[in-house]
Every structure is written in structure tokens, then in C-alpha cells.
Amino acid sequence: MTTNTSIEVRDLKKYFGPVKAVDGIDFKVQQGEIFSLLGPNGAGKTTTISMISCLLQPDSGEVLVMGHSTRSAAQQVKAAIGVVPQEIALYEDLSARENLTFWGKMYGMRGGMLKQRVDEVLELIGLTEHAARRSGKFSGGMKRRLNIGIALLHHPQVIIMDEPTVGIDPQSRRSILDGVRALNREGATVLYTTHYMEEAEELSNHIAIMDHGHLIALGTHAELIRLVGQQTRIDLTLNAENPAVLPAWQQVDGVSQVYAEDGHLSVLVNDSNAVLPHLFEAATTVDARITGIDIKEPNLEAVFLHLTGRALRDG
Amino acid sequence: MKLLAITLKDMTRSFRSVFALAFMFGVPLLVTGMFYLMFGGSVGSEGAAFTLPRTRVVVADLDEGSPYFQMDGDNAEDLQDMGDILTHMLSGPQLAELIEVTFASDALSARAAVDRQEAGIALVIPANFTRAMIEPQAVAEVELYHDPTLTLSPGIVRTLVERAIDSAAGPKLGLGVIVKQMEAAGLSPDAAQQQSLAMRLIGDTSGAPAELVTLRASEGEAPTADPLAAMLGLIMGGMTVFYAFYTGATSAQTIMTEQEHGTLQRLFTTPVTIPTVLGGKYLATGLTVLVQMIVLLVCGRLIFNIRWGALPEVALTILGTALVATSMGIFLISLLKTDKQVGMVFGVGLTITGMVGIFSAFTGGAPGASSVADRFALFVPQGWSMAALRAGMDGNGLVAVLPFFLGMLAWSVVFFFIGVRRFSKRFA
Ligand SMILES: Nc1ncnc2c1ncn2[C@@H]1O[C@H](COP(=O)(O)OP(=O)(O)OP(=O)(O)O)[C@@H](O)[C@H]1O
Ligand SMILES: [Mg+2]
């Protein structure tokens, strides 16, 4: 591997009985970049991250972090990474400062250096004023921030974040995303999982889209958009269900794909202006009435839809 | 050091939990306190609110009196000597609810009545009883022979006997005798001299009566200093052992709850090894049990005046208990798959074994009835801890405690290895 690769994943597999949680994936995360793993619920993101952070033994395949194998050099891997788990993992009966101090010690820090770093991290996650309060009494957003802060204590070369913005208010979410970028500017490599495509779009240098244990696409944002050929998605709602409308629209010139997706129908087109009137005409021929239209310019959502025939947010 | 940081963190957490503290210290102290109020109250005050089963006491009053001892002429009951006074007190109306007094002609038939279970207690007042009260050098032995299944009544009767000697007979009668002797010798002390004599006598006799009475069970139990404290000692000792094992499991339970809350997995994403985590937790649990036992035993000593025995014996018992309670906790928790099954460990694993182990606390350590229980108790680790504690209380020395300590050590080793193996497999 080249010296500027932080994480290298080779043909990684993990099955839980019949569930192929991760089914042969390969990717590389370059040093200093933000790499997003985007996928719906159950795609296998957490399972992948668990193997990278030495929590799970892969069934087969290999993970190298900063050149160290998770199999043979787990301690070196663990020392190099800071993991932000998807589920908040704190000691709720300890204060924010006590939590940070304890976890700092687990990373081998001690004394004045530890104390100074705890103060810095408290500042970074905006909890300086609440340092002495028991973390169990914190709001959801504050707990999330502390959950992240713990992973930053030892200045890890690689920060692995598993859906760090789930279930929090937009303000806290904003500050977390800004924080991730700031850490990245300071040199940290970030592996970021999410099922929010906007987050992946905003943050990442590279994005891997994951579904059912497979990587179905990997590239920069622009590269992925190009996959769907600059197509625009039109979501249409009908007054009543009408199975005949799908084949009718499929016949319309300029329509490349038609999908039914809970309650509304999606059509992928190259030029929405040219196609829209014809969609209305086709609907009329099968006695369907269009009651709602939503036009979406190409984004990762469309990429996912294009590749899987399903909407990202619904899994 | 990471291991110690884990220990410190676990201990901070458990000492911050009100629930854990209540279990650790509150409940054992409360239970002992309840017994203290129930029995201590009835012994201490004449009008007992608590009703005890009535005990038959057969008295063999062999007291021959003393030529120097004369009662004032105006007593209606024709009391001749100290033995008469004592029996009169015991059969008085105030005690009628507690004891029923019958008489035997000699010590043998009194004891035989107990052996035939016609009476619970035989009280033998020796021939030199009155003389011993008057002549400072003479020592009389009042014998209390009792049914081994009785735990409480012998203690109560004993206390009554002591009180009788103490309050009624002791200084006042003693003074009368001395004054008579002085007059016989041609001296006539004035009021001030009599008072100072009385004071000196009170001072002299305050400790003496206790030595007059020895409590003897049928099989010859070692004498105990204070029957109430001895009874409370067994109860509090039992409670201490019982709840020490709970603490051993609750702290080990943190492994399960940390897994459930994800902090255990998070620990394993940091450069810390499984043995360090388990070791830190084991140490935290052991130290917590240690703190708990020390606090409880010290409280028992200060509040209830319980004598736990010599320091080395007690220390050995505490150490052994901390080891085995912690290992047993790790073993039991390692059998579980989820946090939800914890109730089973506490219900079946700890409550039942705990009850078996500390059964002797309720039989009062009396031989016979409890010897079967004692043997059963050794099937569970709590029994070994309780036995060690009792050996220390009986004052039989380090040699008596050592086998039980070694037994606890053996239990610990077995539990520890099975428990740690199962945990390591789970997280490997
Ligand atoms: N320990 C396990 N035992 C059995 N099945 C598991 C286990 N962990 C994960 N799975 C299954 O593996 C699949 C992938 O799960 P994973 O948690 O990796 O998905 P994810 O992409 O992180 O989803 P989410 O966005 O919901 O967090 C799911 O079907 C899940 O049910
Ligand atoms: Mg996940």
C-alpha cells in the first residue's frame, strides 16, 4: 500500500447467520480526507466500522489502519484511531470532565498533559460550563457532543464516526459538522458514516454508497452524480392508485426509468421541461389524475435510486 | 495505570449509586437495628412491649446463706438469703410474662428437667452464693443450663440474674453487712463514713457480678461477654456476609450493564486489553466488598457493641470474603447472556445460597440444632465466610479461622477461573 493511505479495506466479509451484513467490500481512505460511508439502515455500515476498529473479527478479508493489520496489530490500530460509536457510550453517573479524564487514561494519557487536553476538548465541544455536571443530566445534543469529544482526546490520526448526528436538533448538528471539518483541516483523516445524503455531499472528498453489505458505488460527489447521467428525478403523486400509469409513463419519450415508492411515483428524465407535459397526457389516457409534483435535480439520492431502484431514506 | 483507572471509575460509580449504598450499608444495619430494638428494648426496660415466648425456668436454690447476712425483719416473704432474693425476683409479677419459675431440690434434677425438655433453663444457685456476695475473695458460680435450641431466653435470664445481683443485692446489702461487722468490732461509723463506704462498694461491685455468673449451654459453649451483643453479632455477621456477596455480584454486574450501554465495547476500541478491563473491575469489586465489610463491622462494634474477635482473625475473614464474593459474582454473571437475566442470579444464586450460608445467624449458633445447618452451610461459599466470622467471634484464634479462609480461597480460585474464561471467550 502507498504511504498516504490511512485505511485500506480488502474483500471484507462478515455474516451473522443468514444475514450477510458485510459481503465483500473494498475501499481505501486517503490520509487527510473525509470519507463517507452512505447507506440506509441495515446496509452494514456499523458492522464495517466495528471491524475497522477491532471490535469484530472479520469472517474474511483484511483491514489495514495506518499500515497496521487489525488482526495482528490491534493495539497499534486502536492507538491510532478515535471511534465515535453510533449509540452514545458514556458513564452517565460521571461528570463530563470525569468521563473525558477516564477515557483519556484509557488512551494512555496522564497528568498535566491529560488535564490540559481535557480542557481543550471541553472547549471544542462547547461543554466547558457544564464540565462538572453529571452527563446523565445532559440533553441529547450535549451527550452527542461529549460522545464525540471522547474520541478526540488523544489526537487520533484517524477519526471514525458512526452516524454522529442521529437524533439531534439542527443547531447541534450544524456545530458537529463544522467540528468535523475543523478536525479535518487540522490534519485528521475522517471516516464518516451516515444515511443523510446531504451530510455526505457537504463533507466528503470521497463517498462510498453501501447497500445490503455491498459497496454499490464509490467516488467523489461529481463522479457519482455522473453515474446517473445528470438525470432529474420527478416525484409525482396521484389522486388514487392506478397501476396502469407506470407502463404508460415508461412509453413517454425522454423517460429513462419509472419507480413506485410508497405513495408517490418517481420518474428519471434528462430534461424535465420537455417531458412533463407528456407525463400529464399519458396519465390522462389511463384515467389517472396527478395531484402533486416535485422536481429534483440530480443528487446522491438519485444515484441511490438509480442503482438500487429504492429511495435511500427508506432503506 | 489503566487498570487502576478502571477500578477507580467503577468504585466512584458504585459509591454514587444511592441504590447500591442502601443495599451495601443500609439494609444490614437496619435489620440488625430492628433486632436490637426488639430484643434490646425488652431486656433493658421492665415494661416490655415485645412479647417473647414464655420460658420455663427451673431453679435449684442451694444457697446456704451467711451468718453475717441478715435481712431486715419486716419482709413478708420470709427471705433468708441472696438466693431467696434472686428467686423471688425471678418469680415476681413483672417477669411473669417472660418466665415461669418452678423449683428443683438439687442441681441434677434441675438439669434433668431441661434434658427432659420440661423446662428451657435450669438455674443453679450455689451454696456459697450469699457468702460470695459478702466476702470479696470468694467466687460463686451461678449456673445457667439451657436447651440448645433456645437462643434468646438464656441471655435474658442471665441479664436478669446479673441485674438482680447488681442493683438489689450488691452495694446496698453489702453496706449493711459491713456496717454490722464494724459494729460487732466495736466501731460505729457515722452517716458520712457510711456514704463513702457505699460509694466505694458501688465502685467495687460494678464489675464483679458479671464474673459470678457463667452461662453454660448443654454442650458447654464458650462464655460470651454480653448475650444481646452476641446475638446481634450473629445476626449482623450474617447480614454482612449475605450482603457482601450481593455487592460481589452487583459490581461484577457492571460488566453486563456496560455491555448493554456500549461503554464496554467503547473500552475495547481503546488500546486496553481484556485482562486489564476484567482485572480493574475485579479489583473494584473486591475493594468495594472490603470497604463494605469494614464499615459494617466497625458500625456493629460501635453501635451494637458486638465483639468480632481479634484483628488478625477478622482481617483474614474479611479478605477471604472479599475474594470469594467477588469471584462468585464474576462466575454467576458470566453464566448470563443478557442483563435481563440478572434477577435470576440475585434471586436463586445469591438469595438461596446466602440463606443457607448464614443460617446459623438464626439458630443463634447454639450447637445441636445448628450443627446440621452448619454442615449444610459449607456447601455454599457464604457458609465458609460465616464460619470464619464465627470462629473469630468465639475467640478460638487464627488457627480456627485459617481452614475457613483457605476454603474461601479454594472457592475463589475455582469461581475466578471459570468466570474469567467464560468472559474472555465472550469478548474474544
Ligand atoms: N450482532 C449482530 N447479530 C446479528 N445480526 C447483526 C448483528 N449486527 C448487525 N446485524 C445485522 O447486520 C446487518 C447490518 O447491520 P449494521 O448495523 O451494520 O447496519 P448499519 O448500516 O449500521 O445500519 P444503521 O443505519 O441502522 O445503523 C443488519 O441486517 C443487522 O440486523
Ligand atoms: Mg449503524
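Begin with α1(A), which contributes three residues to the shell around ligand 1, the most of any element (helices are DSSP runs of H or I of at least four residues, strands runs of E of at least two, numbered from the N terminus). This is a predicted model in which local features need pLDDT of at least 70 and side-chain atom pairs count only at pLDDT 80 or more, while totals for chains, interfaces and linings use all residues. Residues are numbered from 1 along each chain as its sequence is written, chains are lettered from A and ligands numbered from 1 in the order in which they are written, and side-chain values use heavy atoms, with hydrogens and water left out.

Next, select ligand 1. Of the 13 residues around ligand 1 (a heavy atom within 4 Å), G42(A), K45(A), T46(A), T47(A) and E163(A) come nearest. A backbone N or O atom of G42(A) is 2.8 Å from a ligand oxygen atom.

Then display chain B against chain A. Here 21 residues of chain B are in contact with 27 residues of chain A (heavy atoms within 4.5 Å). Two salt bridges are counted between the chains (a side-chain nitrogen of Lys or Arg within 4 Å of a carboxyl oxygen of Asp or Glu). Select E98(A) and R16(B): this pair forms a salt bridge, with the closest N and O atoms 2.7 Å apart. Finally, highlight α1(B), which gives seven residues to the side of chain B that touches chain A, the most of any element.

Methods
A polar contact is a pair of N or O atoms within 3.5 Å; within protein, one must be able to donate a hydrogen and the other to accept it, and residues adjacent in sequence count only if both atoms are side-chain atoms.
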